[in-house]
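Q: I'd like a close look at one spot in this model. Could you walk me through it in plain words?
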Amino acid sequence: MAQNMWRSIALWLLQRITAVLLVVFLGVHLWASNFATDWAALLRAGVDISLLALALFHGLNGVRTVVLDFGLGYQARRFVSVGLWMLGFVAFLFGTYGLWPLLFPS
Amino acid sequence: MGSKTRWLLDKSSDLNPRNMRVGMYAWVFQRLSGLYLVFFLLTHITAIAQASFGVTKGLQVTMFDVLRNPFWAGGSATEVFDLIALGIIAYHGLNGIRIVFLDLGFGVRKHRVSFWLTMAVAIAISAYVILLGLPLLPKVT
């Protein structure tokens, strides 16, 4: 029980931390994607990969929050949490795979 | 009224519009915009992967054409889908910053004022990008 409590607190805090980082990184992302110069290419690569991870975590953890507010049982909560982690992991790999040729053109 | 919809529509429900005030609307819009943005993120990831691998036909491309050019855009190559997302991101992000401040204990007494300020800034950002920023963007076809 205590372990679950600390996990919930950590997820709540991470939701806030990723929120602030997303606002900062999104500004750089919008600028670098549309008005980028050559020197910004490496910045863009770092920001875009970070954004992918941050946005997926924040978004899917948000979905988890919304779903869990409907009051599910323990088994259903585990199913939702594990399912969203798997979706996020697959989406991160696929997103990186798709982003790579744009970030590092050969 | 069925028992399944009572939690939403009953007179005593927190989500019945007659019981909702500014803070509740902010909360509901934050959740709805968040869910929309998850949908946008997944389509954004797929659209970028598709662009980077040069996919130009197939069911998925047709789907994105529909998403990017809804009927009100007259079928022109406008980025309506991205622009809608931008406005929603502006609201969700600014209201999110407001939530962080409220959680830290700042501005609790002024939460109604800060909500309307948030809305005004979000609309201003959207208007700025649509009216002034958009013509500056390089053409990507």
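This is a predicted model: local features need pLDDT of at least 70, side-chain atom pairs count only at pLDDT 80 or more; totals for chains, interfaces and linings use all residues.
Leaving aside its neighbours within four places in sequence, which residues is Leu41(B) in contact with?

A: Once you skip the neighbours within four places in sequence, Leu41(B) is in contact with Ala55(A), Leu56(A) and Gly59(A). Leu41(B) also belongs to the largest nonpolar core, a group of 20 residues. Along with Ala55(A), Leu56(A), Ile89(B) and Ala90(B), Leu41(B) is listed among those with the most contacts inside that core. The elements that give two or more residues to this core are helix H2 (41-68) from chain A, plus helix H2 (22-52) and helix H4 (80-104) from chain B.

Now zoom out to the whole contact between the chains: chain A puts in 21 residues and chain B 18 residues. On the side of chain A that touches chain B, helix H1 (2-35), H2 and helix H3 (74-103) each supply at least two residues. H3(A) provides the largest share of that side, with eight residues.

The crossing is left-handed. From H3(A), the residues making this contact include Phe94(A), Tyr97(A) and Leu99(A), while H2(B) brings Leu42(B), Ile45(B) and Ile48(B), among others. In this helix pair, the contact residues split into 10 nonpolar, three polar and no charged.

Note on methods
Residues are numbered from 1 along each chain as its sequence is written. Chains are lettered from A and ligands numbered from 1 in the order in which they are written. A nonpolar core is a set of buried Ala, Val, Leu, Ile, Met, Phe, Trp, Tyr and Cys residues joined through C-beta atoms within 7 Å. A residue is buried if 20 or more other C-beta atoms lie within 10 Å of its own, exposed if 12 or fewer, and partly exposed in between; C-beta atoms are placed from the backbone. Helices (H or I, at least four residues) and strands (E, at least two) are DSSP runs, numbered from the N terminus. Two residues are in contact if their C-beta atoms, placed from the backbone, lie within 7 Å. A crossing is left-handed if the near helix is turned anticlockwise from the far one by less than a right angle, and right-handed if clockwise. Ala, Val, Leu, Ile, Met, Phe, Trp, Tyr, Cys and Pro count as nonpolar, Asp, Glu, Lys and Arg as charged, and the others, Gly among them, as polar.
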